[in-house]
Amino acid sequence: PAGHAKLDAGDRSHALGVRCFQNRTHAARTIATGFRKTAATTDKTAIAATAHGEYDDIRLPRTRTSMQRHAHRDTRRQITRSRKATMRIHITYTGGTIGMVESPNGLVPGADMRGWLRRLIEDAHLDPSLFSFTELDPLIDSSNATPDNWQTMADDLRAHRDDADAFVVLHGTDTMSYSSAALSYALTGFGKPVIFTGSQHPLGKIESDATANVTGALNAAMSGRFHGVGLFFGHHLFAGNRVSKSSSWAFEGFSAPSTGPLARTGTPWHWYAGDSAGSGCGWASPLPCSRHDVAVIDMAPGISAARLAAMLDPRPEAVLLRAYGVGNVPSDEPGLTDVIADVLHDGVPVVIASQCQQAEVLLGHYETGDAIARAGAIGSGDMTLEAAYAKIMFLLSQGVDAADFGTWMRRNIAGEISPSSM
């Protein structure tokens with residue numbers, strides 16, 4: 001077909017690549033891969049991680065004999081392997097540490113991600129022809145991610161929805177939990193698993209966690225147990241809108257303090273919670289997500305009303321105020337709560353989150369939070385900072401006005417908030 005080109009990957013391998021370009025601010029370069037077997041070096045870590053990712057978390061009656069239990073387990077494993085053998089997977093590569101290489105100015109994107117993935121897939125005894133691959137252009141360090149990048153990711157996933165059964169997004173760790181939260185709102189009707197992952201070390205380093213995280217994400221995507229937007233990292237699967245980056249160096253670099261993980265790798269995997277993807281009300285036909293002026297401000301001992309007022313002038317479109325504990329602010333600071341009340345009076349939504357990783361905002365529970373509660377501030381419940389910020393950005397992109405903002409912030413759209421917090 002027109003546009004196809006033969007790629008020489010060695011004396012014993014050939015690949016067919018299809019490149020197509022999307023005309024967006026951040027265009028996506030899509031490469032539909034169809035790799036034949038190459039004389040690749042076996043990656044024992046990848047094979048082990050894939051082989052151990054069986055999803056036969058079975059609870060059998062004690063009356064069954066050992067032979068019956070093993071027979072039932074073997075049947076489940078055969079079904080799981082059969083499903084994996086035929087599932088079509090699309091991988092979206094956005095950038096991040098996982099694909100970076102050394103440069104005179106520090107780590108920059110540059111690794112052969114497509115070739116590395118091909119070898120990983122072949123060594124795991126999966127059919128490479130069932131995998132497609134998009135490399136976003138430009139690749140970014142996730143510290144540079146914006147809501148425009150979130151929309152580019154969503155567009156790429158929707159473009160391949162009918163051609164794949166599950167999706168993996170390779171992303172930098174710094175803002176991965178922002179992106180996974182944002183896409184959980186944008187893709188409530190998607191109906192297929194989307195798993196974000198990345199690594200703390202580039203794939204080219206011997207100490208890298210890239211192989212374990214990517215094979216784990218593939219197993220989660222192919223499990224049949226999860227159908228929303230998730231994040232896999234450090235042997236754990238999390239709901240994408242309930243997770244935060246908790247360490248800049250540990251291989252278990254993400255956590256979900258309020259809910260815990262959904263699953264942990266092992267032989268077999270252990271599943272702790274059900275699929276929460278369908279627990280929210282969803283959002284039919286969402287408009288594209290775009291950048292909006294949202295001020296994120298932390299309370300700190302000694303902050304003055306004058307300083308807070310200066311940070312809110314000119315007025316942003318919304319404010320996310322990170323308060324203490326359950327939503328408390330320094331109410332004895334002269335004029336500080338008046339500044340917040342004035343912002344609300346001007347029609348700017350003010351959402352109160354907690355600086356605690358594990359918290360539930362309860363405005364008015366203490367006198368120090370009562371004044372802003374009476375002024376109309378909106379509590380974020382037990383949402384993470386990332387989920388609350390992405391939700392504000394999403395609601396602004398949908399044109400929700402100040403009068404309805406509180407209602408939607410407290411409403412469960414995609415499993416991002418617990419029923420007790422609504």
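Q: How are α3 and α6 oriented relative to each other in this predicted model?
A: Start with how the two helices pack: α3 (residues 113-123) and α6 (residues 210-221) meet at an angle of about 65 degrees, with their axes 12 Å apart. Angles of 65 to 115 degrees count as roughly perpendicular. So α3 and α6 are roughly perpendicular to each other.

Q: What is the handedness of the crossing where α3 passes α6?
A: The two helices touch through W116, L117 and L120 on the α3 side and A210, T211, V214 and T215 on the α6 side. Sorted by class, that contact has 5 nonpolar, 2 polar and no charged residues. As for the handedness, the crossing of α3 past α6 is right-handed.

Q: Which residue just after α3 takes a positive phi?
A: Helix α3 covers residues 113-123. Just past that helix, a phi of about 60 degrees turns up, and the residue that takes it is H125.

Q: Is A210 buried or exposed?
A: A210 sits in helix α6. Beyond its neighbours within four places in sequence, A210 is in contact with I98, W116, S199 and L203. Buried means under 20% relative accessible area. A210 comes in at 1% relative accessibility, so it counts as buried.

Q: How far apart in space are A210 and T197, C-alpha to C-alpha?
A: Along the sequence, A210 and T197 are 13 residues apart. In space, going C-alpha to C-alpha, the distance between A210 and T197 is 8.8 Å.

Q: Is α8 roughly parallel or roughly antiparallel to α9?
A: The axes of α8 (residues 336-345) and α9 (residues 367-375) come within 9 Å and cross at roughly 15 degrees. Angles under 35 degrees count as roughly parallel. That crossing therefore makes α8 and α9 roughly parallel.

Q: Which strands stand at the edges of the open sheet of 4 strands?
A: The order of the sheet is β18-β19-β20-β21, with parallel pairing. Each edge strand has a single partner, so one side of each is left without a neighbour in the sheet. The edge strands are β18 (294-298) and β21 (378-379).

Q: Which residue of β20 stands opposite L320?
A: Moving across the sheet, β18 and β19 (residues 318-323) pair in the parallel sense over 5 bridges, and I297 stands opposite L321 there. β19 and β20 also pair in the parallel sense, over 5 bridges. In β20, the residue opposite L320 is V351.

Q: How many residues of β20 are buried?
A: Check both faces of β20: V350, I352 and S354 are buried on one side, and V351 and A353 are buried on the other. The strand (residues 350-354) is largely enclosed by the rest of the structure, because the buried count is 5 of the 5 residues.

Note on methods: Residues are numbered from 1 along each chain as its sequence is written. This is a predicted model: local features need pLDDT of at least 70, side-chain atom pairs count only at pLDDT 80 or more; totals for chains, interfaces and linings use all residues. Side-chain values use heavy atoms; hydrogens and water are left out. Axes are lines fitted to C-alpha atoms, for helices over the stretch in contact, and angles run from 0 to 180 degrees between N-to-C directions. Angles under 35 degrees count as roughly parallel, over 145 as roughly antiparallel, 65 to 115 as roughly perpendicular and the rest as oblique. A crossing is left-handed if the near helix is turned anticlockwise from the far one by less than a right angle, and right-handed if clockwise. Contact means heavy atoms within 4.5 Å. Ala, Val, Leu, Ile, Met, Phe, Trp, Tyr, Cys and Pro count as nonpolar, Asp, Glu, Lys and Arg as charged, and the others, Gly among them, as polar. Two strands pair if DSSP finds at least two bridges between them. Buried means under 20% relative accessible area, exposed over 50%, partly exposed in between (1.4 Å probe, protein chains only).
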